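Here is a short briefing to read alongside the model.

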Amino acid sequence: MKRQHLLSAFFLIGLAASIAWTQPFKEPRLVVVVSIDQFPFEYLVRFGGAFGTGGFRRLMTDGANFTNASYKHAMNTTGPGHAVILSGTYGNQNGIIGNSWYDRATHASVYCVEDKHAAIVGGQGAGRSPANFVGSTFGDELRIVSGFRAKVVSVSYKDRAAILLGGYLADAAYWMADSCFVTSTFYTDSLPTWAQRFNVSGLVNSYFGRNWEQRAQASALVGTDIDDATYEESGNGLGRVFPHPITGRNRDRITSSYYSALQASPFGNDVVLAFAKAAVNGEQLGQRGVTDLLCISFSANDVVGHAFGPYSREVAEMTLATDSVIAGLLTFLDASVGAGNYLAVLTSDHGVAPVPEYILAHRKGAEAGRIATDSIVARCERALLFAFGPPPAGSTWIENESDRNITLRTSALAARRVDRNAAARIVAEAAARAPGVAAAFTQDDLQRGGASSLLEEKVKRSFYPGRSGDVFYVLKPYYIDAGGSTGTTHGEPYDYSAHVPLLLYGSAIAPGTYYSEASPADIAPTLSAVTGVEFPAGREGRVLVEALKQISAAPAKSVPGH
Ligand SMILES: [Zn+2]
């Protein structure tokens, strides 16, 4: 008997040891996914020398820094990028092929998170929900596997960023409508008390009349242009040079342009961070004995980048201010959830194209510029006229162009008995010959198996039948889809728009710099692997195994006598 007891005791000790041994890391109490809207990877390098130790630098040094993470789709904009991050899928599966697309049935543009069946909670505006998103996210699977005990909260200035990170089963996604954070009846019928309290705190309006000052040392301004560059946009009362007043166009009182000005400055991210902290405290995220998920998308970087361009003083200042925001977030999580108890991910939804005028000023004879999409449509319309004659009176062959998708008019094709594929081929050939256009593909091309080039592969990932146009074209590098002569944008499949940070940080993560090929589509499967949650429905990305601390393969060794 005695001997048996002893054996059992040994066995139990051995078993306990083996369990402890097979779980070398603590389960994260909180997963925090941070997306910085419009943040190319190169900012981590170019401005890295001026970072403090507690923000980006902490994630890069103590976490895993994937230096080779690019989106593999063609449409590098906010909706599609955020839809990838926690689903591990691209638009060809999740349906979010653009911030908006053209619907042939209703002859109207569809916004990626619009929902006529939903209403705004806590403010005004059109209904919003993830109804157009197809599939599931890491948060959705986390909610299901936890029996809905895990909480998922998503926060941003932009509705599409918050909603597409949050997924279908989020407790709520919150975004800003002027002075308030709001949500949708899709999630809840009333704002929680902590959010209501935040909205009446006056914080959002407290920045009125403040100046955005220049603070960066000379070392942080390497690679930046003069402050008063003529290609900079001076909208919403900010002007082109520091200090930028945060008042909006009316200097005397708060109007809605004040809220636009606020989001064109670092103060915009400060407000989102404050609301995210209120959410952690209010919902006790990461403090309830179950793994929760907090998603935060900081949007002010995008607004500043569009207006001033990636080589501006403003983007340098904005990036350093964001470094402080990240440091503030991590310090807060150390205190509330506990250092080592949370798993943090930092990425971006897309990068940005250089301002064409900046490239032209520095590269004589460069191919770069602004493309008026109207001129491409006109060229394609002329080609169709030449091939098939005039369309029915009062109509056109082409019904719509939006975000590189050209849609033919079905009624015109039917009336003139013109084959859709034949017409699409004519459009693609005409578009491809337009100045500044790299290539054009028809629906037929994109529905065929295989791809003739890497470019076509990317376009295929941004193609969703029923939402995409008849022809998709891609601009050449350094051409942007924008009129005027100031500011810049993003959206093409080139690395300045596609190459983003991918930082993982937490006790499950093996610190290091990783040069292996990666993509933001790898984030969701990696989070699934670490937490043991089922992969999102259609995930294409891989588990970033090289950055995960390995679990021992032979736990049986620790059991004596076996
Ligand atoms: Zn943008």
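Buried residues make up 52% of the 562 residues in the protein chain. Please keep in mind that this is a predicted model.

**Overall shape**
- The protein chain holds 20 helices and 20 strands.
- Its C-alpha trace spans about 100 × 55 × 50 Å along the principal axes.
- The radius of gyration is 25 Å, which agrees with the value near 24 Å that a compact globule of 562 residues would have.
- Among contacts with a separation of 6 or more, 73% join residues 24 or more positions apart.

**Strand S19 and its neighbours**
- Strand S12 (residues 342-347) runs antiparallel to S19 and is joined to it by 4 bridges; here Ala 344 has Tyr 505 as its bridge partner.
- Strand S2 (residues 64-66) also pairs with S19 in the antiparallel sense, over 3 bridges, and Phe 66 is partnered with Leu 502.
- In a regular strand, side chains alternate between the two faces of the sheet.
- In S19 (residues 502-505), Leu 502 and Leu 504 lie on one side, with Leu 503 and Tyr 505 on the other.
- These four residues of S19 are all buried, and both faces of the strand are covered.

**Helices H10 and H12**
- The axes of helix H10 (residues 266-283) and helix H12 (residues 313-338) come within 10 Å and cross at roughly 10 degrees.
- Because angles under 35 degrees count as roughly parallel, H10 is roughly parallel to H12.
- On the H10 side, the contact involves Pro 266, Asn 269, Asp 270, Leu 273, Lys 277, Val 280 and Asn 281.
- The H12 side contributes residues including Met 318, Val 325, Leu 329 and Phe 332.
- By type, the residues of this contact of H10 with H12 divide into 8 nonpolar, 5 polar and 2 charged.

Note on methods: Residues numbered from 1 in each chain as written. Predicted model: local features only at pLDDT ≥ 70, side-chain atom pairs only at ≥ 80, totals over all residues. Axes fitted to C-alpha atoms, helices over the stretch in contact; angles between N-to-C directions. Helix = DSSP H or I, 4+ residues; strand = E, 2+ residues; numbered from the N terminus. Parallel < 35°, antiparallel > 145°, perpendicular 65-115°, else oblique. Contact = placed C-beta atoms within 7 Å. Nonpolar A, V, L, I, M, F, W, Y, C, P; charged D, E, K, R; others polar. Rg over C-alpha atoms; globule rule 2.2 N^0.38 Å. Buried ≥ 20, exposed ≤ 12 C-beta atoms within 10 Å, placed from the backbone. Pairing = 2+ DSSP bridges.
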